[in-house]
Amino acid sequence: MTPNNFLGLEPEHSHYDTSKVVIIPAGFEASTSYQQGTAHGPSAIIKASQQVELYDIELNTHFHTVGVHTLEALHFTKTPASKACEMLHEKTKTILKDHKWPIMLGGEHTISYGLFLALFEKYPNLSIFHIDAHTDMREAYEGNPYSHASILYLMRKKCSKTVSIGIRSMCEEEALYVKRNKVPVYYDYQTRNKSFSPKELFSHLTDQVYLTIDVDGFSPALVPSTGTPEPGGLEFYQSLDILKELFHEKEVVGMDVVEHMPIPHVVYGDFSVAKIIYKCIGYKYFQ
Ligand SMILES: [Mn+2]
């Protein structure tokens, strides 16, 4: 039987003590605005990852040999957002203290704040690379400052070095915020026009980077499984080119993949997300 962890690894390659990578399943869901189901994102990604070949053609290696441990899923039953973030914050502090690389699977984007706090405490010079269809820079959404639509606003209050790509939807309040604060936002149409280079993107970042990926930043043709899909978006190889370069140029000290909402019997989005995470592990340790 396949072990129930990310990539379906035997204990030899998934024991906590010997693993460099730690997967944190954190299916928090509270303020999702349209469809429900992100709570089941982590388990769907983990299940799909067990079907991925462990040999990577591009890097010509079996990169799971770095060790990938999957933690027990964090359980949030009616947990308020601030408390859920605090739980993840504590969990991440331990992982960082043990010198491991955290990859958090959400859950709605709000939960990223717990991971971010732990990373920011350890790396005060942190910057944020943000892939998303939405800027998430509302001061609050429906009166809630812990909404998934406000997460970047919340993070930027502590850490203003951010770059966003894939953006193709925002409200006027966010447009004004971006303009007033000169926030580096690269819109999806600019990606299409190839009007900027990865080097330009990375010029806004410090050496240590936190990567936060809302899966709706990708094309719905690649990842249909998300609560608020937007036409357009990043394609698979285009995303890999950017991520490969990011991992090459910067020290990515932690990452998350959020807002994945599995669709019953339509599993290809689960596979896309699992494969992108898999490629990120390879780019971090083997390029
Ligand atoms: Mn989004």
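Author: Helix α1 (residues 41–49) packs against helix α9 (residues 268–286) at an angle of about 75 degrees, their axes lying 8 Å apart. Helices here are DSSP runs of H or I with at least four residues, and strands are E runs of at least two, numbered from the N terminus. Axes are lines fitted to C-alpha atoms, for helices over the stretch in contact, with angles from 0 to 180 degrees between N-to-C directions. The two helices are therefore roughly perpendicular, a label covering 65 to 115 degrees.

This is a predicted model, in which local features need pLDDT of at least 70 and side-chain atom pairs count only at pLDDT 80 or more, while totals for chains, interfaces and linings use all residues. Residues are numbered from 1 along each chain as its sequence is written, and side-chain values use heavy atoms, leaving out hydrogens and water.

On the α1 side, Ala44, Ile45, Ala48 and Ser49 meet Asp270, Phe271, Val273, Ala274 and Ile277 of α9, contact meaning heavy atoms within 4.5 Å.

The largest nonpolar core has 49 residues, and Phe129, Leu211 and Ile281 touch the most other members. α9 gives the most to this core, with eight residues. Such a core joins buried Ala, Val, Leu, Ile, Met, Phe, Trp, Tyr and Cys residues through side-chain atoms within 4.5 Å, buried being under 20% relative accessible area (1.4 Å probe, protein chains only). Leaving aside residues up to four places away in sequence, Ile281 touches Phe6, Val21, Phe63, Val66, Val68, Trp101 and Ile103. A second, separate core of 41 residues includes Cys85, Phe120, Leu126 and Val178.

Technical notes:
Angles under 35 degrees count as roughly parallel, over 145 as roughly antiparallel, 65 to 115 as roughly perpendicular and the rest as oblique. Buried means under 20% relative accessible area, exposed over 50%, partly exposed in between (1.4 Å probe, protein chains only).
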